[in-house]
Amino acid sequence: MTERPAFSPSTAVQPPFLSPSSDHPLHGQPAPGVWHPRLYLAELVGTALLVAAGVSVVIVMFSPLSFGPGLIPDTALRRAVTGMLFGLVGALVSVSAIGQVSGAHLNPSVTLAFLIEGKLKFRDALGYWAAQLLGGTLGGLALAAWGQVGRAAHWGDTEVGKGIPVWQAFAGEVLCTAALVALIFQMGAHERTKRWTPWSIAPLFSLMVCLEAPLSGTSTNLARSLGPDLLAGSGSALWLYLLAPLLGAAAVALLSRSGSLGRHRPVAARVAHPTHAAEVRAGS
């Protein structure tokens, strides 16, 4: 009679939705066949918070029924302050416990860049994209709580500027998204700077929104545009906010892979970089 080997947790078959310790999805090394719902859920919640809180800043600053226009009468300065505050909302989401889990992409274009860079597999990119678009939609719907104040600001939607050729708005989105991804990649490629990546985005957005918003609204992010644009009934330009940011992100990722941006490349598919111990706990 053959003696059965003693049961050990290390020899047990893991269900495909669990992440074993050898599973590193945000380094492009997931365990075969494993999904990561914890990461997707964190990304969904984080994106919803970014849109709900970040676009609320836009409504407060630009609704004619709000105090924002009176507080900062100069439109260009108000755009710069709005971009800074929007970026700070993203930074706070990124450094929160939610952002630490998923890496806080919060943007389909950033996820595409990490996919092309080899730091994320397609299976997980699909999970991130679905979570971001659902989160952006939910965050946009939450803006209905602003009532007439939000309606007067078109719910903070993104639109091609009046009298602006579509090609100029498209080019603006490509360039702004490329700048965003380049900053994330460069900050994330160095040990001494990667922890500051979320905070570096705020001043970049301040500059971009100040200069580019009259062209396209400076979305750089389909998830940011989706909910507010649908709420405002202005979704006819969503194709632009899909294609242009993806093109800008893909261009930077391809340059990174080719070495054109320098020999240093991002170490993980993260905007938010936790401590080593936290990263081990996250299984990523």
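**Charges, rings and a buried asparagine**

Glu117 and Lys119 form a salt bridge, with their closest N and O atoms 2.8 Å apart. Keep in mind as we go that this is a predicted model. Both partners, Glu117 and Lys119, are buried. Glu117 also forms a salt bridge with Arg265, and here the closest N and O atoms are 2.6 Å apart. Glu117 belongs to helix α5 (residues 108-117) while Arg265 sits in the loop between α11 (238-258) and α12 (276-282), so this pair ties together parts that are 148 residues apart in sequence. Glu117 counts as buried because its relative accessibility is 1%, under the 20% cut-off. Arg265, with a relative accessible area of 30%, is partly exposed.

The structure holds three salt bridges, and one of them joins Glu191 to Lys194, with the closest N and O atoms 3.3 Å apart.

Glu173, in helix α8 (residues 166-188), is buried yet has no salt bridge. The nearest side chain of opposite charge is that of Arg224, 8.0 Å away. What does Glu173 touch, leaving out residues up to four places away in sequence? Among its contacts are Glu212, Ser216, Thr218, Thr220, Tyr241 and Pro245.

Tyr241 and Pro245 come up again in the contacts of Asn221, along with Leu50, Leu106, Asn107 and Pro108, its neighbours within four places in sequence left aside. Asn221 is placed in the loop between α9 (197-216) and α10 (222-232), and is buried, with a relative accessible area of 5%. The side chain of Asn221 reaches the backbone oxygen of Leu106 at 2.8 Å.

Let's finish with the rings. A search of the whole structure finds six aromatic pairs. In one of them, the rings of Phe86 and Phe205 have centres 5.9 Å apart and planes at 35 degrees, so the pair is tilted. Phe86 lies in helix α3 (residues 75-95) and Phe205 in helix α9, so parts 119 residues apart in sequence are tied together by this pair. Phe86 is buried, at a relative accessible area of 12%, and Phe205 counts as buried too, at 7%. Elsewhere, ring pairs link Trp35, Tyr40 and Tyr128 into a cluster. A ring can also meet a charge: the charged end of Arg78 sits over the ring of Phe62, 4.8 Å from its centre.

Methods. Residues numbered from 1 in each chain as written. Predicted model: local features only at pLDDT ≥ 70, side-chain atom pairs only at ≥ 80, totals over all residues. Heavy atoms only, no water. Helix = DSSP H or I, 4+ residues; strand = E, 2+ residues; numbered from the N terminus. Buried < 20%, exposed > 50% of the residue type's maximum accessible area, 1.4 Å probe, protein only. Lys, Arg positive; Asp, Glu negative; His and termini not counted. Salt bridge = Lys/Arg side-chain N within 4 Å of Asp/Glu carboxyl O. Contact = heavy atoms within 4.5 Å. Polar contact = N/O pair within 3.5 Å; in protein donor to acceptor, adjacent residues only side chain to side chain. Phe/Tyr/Trp six-rings, centres within 6.5 Å; stacked < 30°, edge-to-face > 60°. Lys NZ or Arg CZ within 6 Å of the ring centre and 35° of its normal.
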